[in-house]
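Below is a briefing on one protein chain. Please look over the sequence and the fold before reading the points.

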Amino acid sequence: MQLSLHADYSLRVLLYLGSHPDQIVTTRTISDAYGISKHHLVRVAQTLAEFGCVDLLPGRNGGIRLAMDPF
């Protein structure tokens, strides 16, 4: 089975956030961890926020976090 690139990146973001449940993580951090374009991750994060999977926290100290408990 092949996933689209957007779906693949979405899973990676959710896995990363699931392994850091108590942190607010920036897209830059995830980008560096997986070697993915930061701009593409921003679009992925917006899609995940539309579906209610993540919370987007805007601002200088903002980032993304899981909207629900990973366990």
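E1 and E2 form a hairpin with 5 residues between them. In the turn, Gly59 has a positive phi of about 110°. The model is predicted, and every value here is computed from it.

**Hairpin**

- Strand E1 covers residues 54–57 and strand E2 covers residues 63–66.
- The two strands, E1 and E2, pair in the antiparallel sense. Their pairing runs over 4 bridges.
- Within this pairing, Leu56 stands opposite Ile64 of E2.
- Side chains in a regular strand alternate between the two faces of the sheet.
- Asn61 sits in the loop between E1 and E2. Asn61 is exposed, because its relative accessibility of 73% is over the 50% cut-off.
- From Asn61 to Val25 the C-alpha distance is 9.6 Å, although 36 residues separate them in sequence.

**Salt bridges**

- How many salt bridges does a search of the whole structure find? The search finds 2.
- Side chains of opposite charge can pair when their charged atoms come close.
- Asp8 forms a salt bridge with Arg12. The closest N and O atoms of Asp8 and Arg12 are 3.4 Å apart.
- Asp8 and Arg12 both belong to helix H1, residues 5–19. Their spacing is 4 residues, about one turn of the helix.
- Asp8 is partly exposed, at 24% relative accessible area. Arg12 is also partly exposed, at 29%.

**Largest pocket**

- The volume of the largest pocket is about 200 Å³. The pocket is lined by 14 residues.
- Which residues are closest to the centre of the largest pocket? They are Thr27, Val42, Leu56, Gly63 and Ile64.
- Helix H3 (38–50), E1 and E2 each supply at least two residues of the lining.
- H3 gives the largest share of the lining, with 4 residues.
- By type, the lining divides into 6 nonpolar, 6 polar and 2 charged residues.

**Thr27**

- Thr27 is found in helix H2, which spans residues 27–34.
- Is Thr27 buried or exposed? Thr27 counts as buried, because its relative accessibility of 15% is under the 20% cut-off.
- Leaving aside residues up to four places away in sequence, Thr27 touches Lys38, Leu41 and Val42.

**Toward the chain start**

- Gln2 is in the segment before H1. Gln2 counts as exposed, with 78% relative accessibility.
- The C-alpha atoms of Gln2 and Met68 are separated by 27 Å. Along the chain, Gln2 and Met68 are 66 residues apart.

Technical notes:
Residues numbered from 1 in each chain as written. Predicted model: local features only at pLDDT ≥ 70, side-chain atom pairs only at ≥ 80, totals over all residues. Heavy atoms only, no water. Salt bridge = Lys/Arg side-chain N within 4 Å of Asp/Glu carboxyl O. Buried < 20%, exposed > 50% of the residue type's maximum accessible area, 1.4 Å probe, protein only. Pairing = 2+ DSSP bridges. 1 Å grid on protein atoms, 1.4 Å probe; cavity = no way out; pocket = protein on both sides within 12 Å on 5 of 7 lines; lining within 4 Å. Points joined across faces, edges and corners; volume = space filled by probe spheres on them. Nonpolar A, V, L, I, M, F, W, Y, C, P; charged D, E, K, R; others polar. Contact = heavy atoms within 4.5 Å.
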